[in-house]
Amino acid sequence: MLDPKIYTLLKLEELGSYTHAAQALSLTQPAISHHIRMLEEEYGIQIFVKGSRKLKPTADGALLLKYAHRAAAIAERARLALQDSLAQIERLTIGITPTASDLLAPQVLAAYLGHHPNMRVEVVRNTIKKIDTMLRFYELDFAIIDGVMPNKRYDSILLGTDHLCLIAAPEHPFALRASVTLDELTQESMVLRPRGTGTRDLFEGYLLSHGRTVQDYRVVMEIDSVSAIKEIVASGLGVSVISHNVCHEEEMRGKLCVVPIENCRMVRQLSLVFPPDFQHPELLRELQNEYARCIG
């Protein structure tokens with residue numbers, strides 16, 4: 001279904017070498033060059049910068065590659081859809097942000113699958129920005145995210161709201177405080193989610209609104225694992241700002257203390273995000289109902 005020339009182009013971009021692409025595709029290097037030349041003639045463009053030591057696409061080449069990725073994703077999804085149709089199986093690929101994956105999203109999906117035995121789901125855990133790219137390339141059917149997508153091209157259904165909070169070990173001096181200030185946090189070792197995550201973006205946005213940046217604080221570690229952050233903080237090795245919902249259980253058990261930041265409000269949403277042409281809106285409503293039952 002996919003034009004072999006497009007497949008060659010994608011493999012060449014992936015490997016960055018005519019030699020390696022030829023080996024991977026069991027073709028000769030002249031054959032690889034011929035495919036690229038045919039594409040350039042077909043579209044009237046130059047795909048790669050001439051004379052560059054490293055294979056680098058031109059502006060037109062980058063645009064062609066963008067749509068080549070989309071075509072490849074659609075071709076693969078069509079193959080799987082036809083395969084699943086013969087087996088009477090429905091399959092979904094769902095993106096999920098790290099914080100959302102530590103909330104009730106997996107339980108909601110599991111509950112849904114319990115009522116739909118012919119459904120198969122692949123969950124892809126990634127940042128909002130990468131999920132945005134995968135949705136644009138049709139590599140995902142929909143996503144469950146915390147925070148806000150970087151653009152408005154998708155529709156969404158609100159599942160619930162959450163807020164960021166400061167967490168500390170029960171033995172930390174902050175644990176006995178009614179609140180702490182941003183100034184006091186500058187003296188603490190902080191463990192944060194990495195740049196590009198919804199939690200980090202919301203926290204940095206809050207700091208900017210108060211004339212500060214994350215560089216004003218002593219960030220000793222950045223890690224894309226909410227579970228690891230909770231363990232590090234519980235061990236007394238630092239404090240963190242994370243979703244309240246993901247640490248509610250530890251708070252109830254006395255493993256972590258939640259301490260308000262003075263005059264702080266960092267609220268965000270947990271949402272289902274999907275392309276306007278998504279074909280199964282009833283499925284999203286069922287997931288919304290499952291989520292309501294889980295938190296009820």
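## Cysteines

Cysteine 247 has 0% relative accessibility and therefore counts as buried. This comes from a predicted model. The closest cysteine sulfur to that of cysteine 247 belongs to cysteine 165, at 3.9 Å, which is too far for a bond. A disulfide would need the two sulfur atoms within 2.5 Å.

For cysteine 257, the closest cysteine sulfur is that of cysteine 247, and at 10 Å this pair is also too far for a bond. The count of disulfides is zero.

## Arginine 268

Arginine 268 lies in strand S9, which covers residues 267–274. Is arginine 268 buried or exposed? Its relative accessibility is 4%, so arginine 268 counts as buried, the limit being under 20%.

The side chain of arginine 268 makes a polar contact, at 2.8 Å, with the side chain of threonine 199. Beyond neighbours within four places in sequence, the residues in contact with arginine 268 include Asp146, Asp162, Thr99, Thr161, Leu164, Leu202 and Ser243, as well as the glycines Gly147, Gly160 and Gly198.

In soluble globular proteins, nonpolar side chains tend to be buried together. The largest nonpolar core here holds 34 residues, and the members that touch the most others are Phe142, Ile144, Leu272, Leu283, Leu284 and Leu287. Two or more residues of this core come from each of the strands S1 (90–96), S3 (142–146), S4 (155–168) and S9, and from each of the helices H6 (105–114), H10 (226–234), H11 (244–252) and H12 (281–295). H10 gives the most to this core, with five residues.

Leucine 283 is in contact with Leu92, Tyr112, Met119 and Phe142, leaving aside neighbours within four places in sequence. Another core lies apart from the largest one; this other core has 19 residues, among them Leu164, Phe174, Leu185 and Tyr217. Leu164 is also in contact with arginine 268.

## Helix H10

Which residues of H10 are buried? They are Val226, Ile229, Lys230, Ile232, Val233 and Ala234.

The buried residues of H10 pack against the strands S4, S5 (189–192), S6 (218–222) and S7 (240–243), and against the helices H5 (98–102) and H11. After H10 comes glycine 236, which has a positive phi near 80°.

Conventions:
Residues numbered from 1 in each chain as written. Predicted model: local features only at pLDDT ≥ 70, side-chain atom pairs only at ≥ 80, totals over all residues. Heavy atoms only, no water. Buried < 20%, exposed > 50% of the residue type's maximum accessible area, 1.4 Å probe, protein only. Helix = DSSP H or I, 4+ residues; strand = E, 2+ residues; numbered from the N terminus. Polar contact = N/O pair within 3.5 Å; in protein donor to acceptor, adjacent residues only side chain to side chain. Contact = heavy atoms within 4.5 Å. Core = buried A, V, L, I, M, F, W, Y, C linked by side-chain atoms within 4.5 Å.
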